[in-house]
Amino acid sequence: MTIAEQEIKRFENHNCAEDGVFYQAMEEVIYSIAPLLESDKKYTKYAIMKRLVVPDRIIKFKVTWLDDNNNIQVNTGYRVQFNNALGPYKGGLRFHPTVNEGVLKFLGFEQILKNSLTGLPIGGAKGGSDFDPKGKSDFEVMKFCSAFMTELHKYIGPRMDVPAGDIGVGGREIAYLFGVYKKITSTYEGVLTGKPFFFGGSLMRPEATGYGAVYFTESMLEIEQKEPLDGKICVVSGAGNVATHAIEKLLQIGAIPVTCSDSSGTIYDSRGIDVELLKDIKLNKRQSLTEYAKRHPEAKYIPVSEYPENGHAVWDIPCYAAFPCATQNELTELDAQNLIQNGCVSVTEGANMPSTPQAIALLQSHNVCFAPAKAANAGGVVVSEFEMSQNASMSRWSFEKVDEKLKDTMQKICKRVALTAKDYGVEGNYVDGANIAGFKKVADAMIAEGI
Ligand code: NDP
């Protein structure tokens with residue numbers, strides 16, 4: 001039995017019903033890092049994988065709040081503090097009905113390696129709740145955030161654990177959470193990132209993940225000697241923070257992003273997405289994409305009901321580069337097949353684990369450049385760390401400075417991933433390169449710090 005197979009077997013014993021996506025992420029990492037485990041036995045000697053797959057702690061709590069009709073509502077809150085070998089726990093909060101311990105373990109585990117890849121001093125964590133902000137009033141969201149932070153504040157701090165946003169948690173929610181933390185603790189400190197700029201946020205945090213994914217793609221295409229994105233058709237899924245800003249950056253560099261999607265359907269606008277309208281509809285007014293079609297009747301709206309099997313139509317549209325930016329496992333083997341048939345050259349994961357393992361294997365076997373989430377969407381956490389630095393030094397950086405540092409960091413991550421893949425005999429495989437490079441740094445710190 002190989003070392004990788006032994007690790008997988010050990011992990012199977014810990015597997016529970018909710019752990020499906022966590023297991024998927026784990027398995028990918030173990031097989032990816034097999035060449036490292038085989039070539040350097042110290043990682044097995046110090047039982048690094050055995051220790052890494054178990055979070056330092058999982059905090060689970062009840063969140064009770066009053067809705068606008070004075071009915072008492074109960075949700076569950078979580079914080080999975082996974083690993084702080086490289087720095088304080090760091091990772092977003094997700095508010096979505098699908099949130100459970102398994103989803104947060106998957107996201108927290110990925111976050112350890114992602115944060116390691118950035119080269120910045122941050123550990124890995126994730127948290128959230130099964131609360132659904134959709135359809136709630138501002139007051140309801142505020143009351144929920146207040147109840148959530150009343151419990152969470154005991155476990156976080158600028159040098160302990162610094163949460164940020166994720167699905168369902170944007171500037172509005174972070175601001176409410178920050179307000180409550182401040183009130184309870186009587187401190188004004190950088191305990192959350194993604195704050196609005198006028199009270200401690202960093203410029204460019206909202207743009208960071210989407211812009212970063214495009215910077216990573218430009219770098220990857222250059223290394224792989226493919227044509228740049230300028231003038232090329234791109235498809236993007238999602239219509240939230242990550243998707244909108246990926247679209248914005250693609251437009252800025254002269255590419256033509258023609259799609260976006262939400263949970264109800266897909267927009268195909270062959271002239272290029274009107275990003276200002278998209279921002280207004282989705283980020284400001286929280287409306288459905290049907291509004292986009294009303295304002296631009298020449299764009300095509302394809303409801304999810306027309307694509308019952310794989311959710312949405314984005315991956316059927318011919319493109320040079322694809323950017324899945326909505327949610328996990330949204331790009332299936334069938335979608336990968338369509339992309340390949342239509343001549344797609346690169347796929348960049350803006351969302352966390354949006355491609356199924358079968359889709360990734362198929363894309364890679366057809367030489368499609370594939371940028372995995374833990375490297376390609378690290379821009380968000382990179383600028384979050386910049387926000388922590390600015391908060392700690394009571395300073396403010398200009399938009400240009402943050403953008404320049406973000407671009408530089410994304411290029412460095414890309415080069416490091418490509419080089420690591422080459423060093424371990426899997427040249428061009430950015431999944432293995434990212435997993436090995438991310439794992440090695442955390443593992444070496446864990447060994448140095450002792451048990
Ligand atoms: P948002 O909540 O801002 O947006 C998510 C978008 O995806 C929404 O438009 C939502 O539609 C859409 N969506 C959700 N499920 C589906 C589905 N099954 N089919 C089609 N569309 C869907 O989240 P973010 O943009 O912040 O996050 C998106 C992804 O990026 C997540 O995987 C997140 O973990 C990851 N990520 C985010 C970072 C950040 O900085 N925000 C950092 C790194 C990763 P609807 O509007 O109808 O709800």
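Predicted model: local features only at pLDDT ≥ 70, side-chain atom pairs only at ≥ 80, totals over all residues.

**Entry 1: F439.** F439 comes out at 0% relative accessibility, so I put it down as buried, the limit being under 20%. I then looked up where it sits, and found F439 in helix α18, which runs over residues 430–449.

**Entry 2: its surroundings.** Which residues does F439 contact, leaving aside its neighbours within four places in sequence? I noted I33, L36, L37, Y43, I48, M49, L52 and L113. I also checked F439 against L93: they are 346 residues apart in sequence, and their C-alpha atoms lie 23 Å apart in space.

**Entry 3: the domains.** Next I turned to the domain assignment, which lists domain 1 (3–52), domain 2 (57–188) and domain 3 (208–376).

**Entry 4: where domains 1 and 2 touch.** Nine residues of domain 1 are in contact with twelve of domain 2. I read off a buried area of about 950 Å² between the two, with carbon and sulfur atoms giving 72% of it. I looked for salt bridges between domain 1 and domain 2 and counted zero. On the domain 1 side, α2 (20–32) and α5 (48–52) are the elements that give two or more residues. α2 gives the most, with five residues. By class, I wrote down seven nonpolar, no polar and two charged residues for that side of domain 1.

Methods
Residues numbered from 1 in each chain as written. Heavy atoms only, no water. Domains from an automatic or database assignment. Contact = heavy atoms within 4.5 Å. Buried area = accessible area lost by both parts, 1.4 Å probe. Salt bridge = Lys/Arg side-chain N within 4 Å of Asp/Glu carboxyl O. Helix = DSSP H or I, 4+ residues; strand = E, 2+ residues; numbered from the N terminus. Nonpolar A, V, L, I, M, F, W, Y, C, P; charged D, E, K, R; others polar. Buried < 20%, exposed > 50% of the residue type's maximum accessible area, 1.4 Å probe, protein only.
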